[in-house]
Structure formats: structure tokens, C-alpha cells
Amino acid sequence: MSTEQNKAVVRRFMSEFLAEGKIASIDEVLGRSYMNRTLGADLEAFKGFLPAITALSVRRFTIEDLVAEGDSVVARFTMDLGNAAGEKVSARGLTYYRLADGKIVEDEPITAPDLVQELQKLLPSPATA
Amino acid sequence: MSREENKDVVRRFHDGMLEFFRTGNLDFLVHTVHPDCAFGMPGMPATVDGMQQALPAFRTAFPDLCTTMGELLADGDKVAYRLTVTGTHTGEFMGIPATGRQITLTETHIDQVANGKIVRHDGDWDQMGMMQQLALTPNGLVAQP
């Protein structure tokens with residue numbers, strides 16, 4: 001896959017799946033060996049975690065920069081999340097992605113403020129790290 | 001500048017940072033960073049002058065700090081990379097007395113390069129992981145056992 005194709009997969013992951021919530025077909029962009037290093041979640045654990053994210057009423061991800069070479073893409077982004085109670089969190093971050101055969105297999109977001117801590121403020125039960 | 005030349009600038013910046021932690025010499029900021037470079041790192045100054053002021057405090061807090069660079073991704077005028085940082089907290093850090101604890105954390109950076117100098121430097125580091133390894137609570141106090 002070309003670096004432009006890999007960037008397109010990262011854009012789709014953020015826009016269609018995280019923001020728009022089409023998680024039923026997330027296997028189109030996440031590989032079987034997917035690992036989220038920040039959440040300590042493999043593919044099944046991440047899928048189990050996603051409905052809590054897509055249940056949030058505000059999910060905005062803005063990609064500011066994409067840098068790609070070889071099998072890797074680094075995204076600089078901002079995100080705004082909010083729940084039905086009107087609580088909102090915003091963060092900025094950089095995520096390192098590695099892809100294989102057009103799918104994300106490694107995902108390491110580093111955000112400020114901390115992603116897991118911010119999600120714990122919004123979700124009804126604590127996010128498992 | 002080619003992508004490979006841009007990678008070389010970023011490698012020299014990183015080598016200079018390592019040299020700074022060994023010797024205290026900040027000359028690498030002059031050699032590899034444009035004077036008007038914008039730094040976008042949470043909790044860090046936004047200017048070269050600010051970085052010159054802030055970096056010695058990190059060297060005091062973590063005198064043995066060492067960073068290992070992962071693969072460099074070059075794309076247009078940008079270079080992205082991860083760093084693995086290790087160090088021992090043997091000096092005061094942000095008002096917190098030395099704990100003697102060793103930390104290991106990941107950073108991710110994107111540098112924009114123009115005419116052989118870094119003109120923009122964005123980075124995020126795992127601040128929560130660092131505080132957990134130092135056993136600090138988010139407000140900076142050492143957690144009670």
C-alpha cells in the first residue's frame with residue numbers, strides 16, 4: 001500500500017468510525033493483530049470499548065497533520081468529546097499508527113490532557129486502561 | 001531540501017539534545033532550530049528562548065536522561081518520529097523533590113524543516129505515565145502509600 005493509501009485509512013478510522021460511529025464494519029480499517037498501546041487493548045478489547053465512545057453525543061476529531069513513510073503514519077489532531085449530560089472534554093495529541101496490508105495494526109495515541117483520564121470524566125463506568 | 005536532508009536536520013537536533021544532557025551545551029538549538037521556531041508541546045515554552053530557559057531544569061531533575069529515536073518518517077517538509085525516554089529522578093522537578101525513581105516514557109514528535117532548520121516542533125509525551133512512575137498524583141503531590 002502507498003503512503004497516501006495508508007493516510008486515507010487513518011482518515012477513515014477517525015472520521016467514519018470514531019466520529020460517525022460506523023463501528024460494525026471497523027474490520028475494514030483495523031487488522032487482526034491490532035494493538036492500542038495507550039489503552040493496552042487488542043482488537044477484541046478495543047471493539048468492546050468502542051460503543052462507549054460512539055455513545056457520546058459529541059465526537060469531533062480534527063486532523064491537523066498527517067506524516068507518512070513506509071508502513072507508518074503519524075497524525076496530529078484535536079478532539080472534542082461530550083456526553084448527554086453536557087459534560088465536554090477537549091484534547092490535542094499525536095498518534096503513531098503502523099499499517100499492514102492497508103489496515104491499522106498498531107495505534108499509540110498520546111494526548112494532553114491524558115486520554116484515559118479525560119474519558120473517565122465522560123463515561124458512566126470507568127474506562128479500563 | 002530533500003526528505004533525507006530534513007531527516008539529517010532532525011537527527012542533529014536529537015544528537016544535540018543528547019549532548020546537552022551530557023554536557024549542558026545548548027548550542028544545538030542555534031545550529032538546528034530557526035530563531036522563530038514555534039514549539040507546540042504541552043507544558044513547555046513555545047519559543048527557542050523559552051526552551052533555553054526550561055531545558056536546564058530537566059537536566060537538573062534527570063541528569064542521566066537518555067532518549068532513543070525510533071524510525072524517522074519524512075513526508076514533504078515534515079519529519080515524524082517516536083522517542084523512548086529514560087531517566088532517573090535525582091533532582092527537583094517542578095517543585096517535587098528527587099524520588100530516585102527511574103522513568104521510561106514515549107514521546108511522539110513532528111518537526112517541520114525549512115532550509116536546514118526546524119521551523120515548527122510539535123510533540124506530545126506521556127505525562128500521565130511519567131507521573132504514575134514517579135508515584136505522583138495529577139496535582140503534583142507524591143501519593144501516600
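## Reading the model

Helices (H or I, at least four residues) and strands (E, at least two) are DSSP runs, numbered from the N terminus. This is a predicted model, in which local features need pLDDT of at least 70, side-chain atom pairs count only at pLDDT 80 or more, and totals for chains, interfaces and linings use all residues. Residues are numbered from 1 along each chain as its sequence is written, chains are lettered from A and ligands numbered from 1 in the order in which they are written, and side-chain values use heavy atoms, with hydrogens and water left out.

## The sheet of chain A

Let's start with chain A, where six strands make an open, mixed sheet ordered E2-E1-E6-E5-E4-E3. Strands E2 (41-42) and E3 (58-69) of chain A stand at the edges with a single partner strand each, so one side of each has no neighbour in the sheet. Pairing here requires at least two DSSP bridges between two strands.

E3(A) pairs with E4 (residues 72-82) of chain A in the antiparallel sense, over 11 bridges. Thr62(A), for instance, has Thr78(A) in E4(A) as its bridge partner.

## Chain B as a whole

Chain B holds four helices and six strands, and along the sequence they follow the pattern α-α-β-α-β-β-β-β-β-α. Its C-alpha trace spans about 55 × 25 × 25 Å along the principal axes.

Of the 145 residues in chain B, 48% are buried, meaning under 20% relative accessible area (1.4 Å probe, protein chains only).

Technical notes. Buried < 20%, exposed > 50% of the residue type's maximum accessible area, 1.4 Å probe, protein only.
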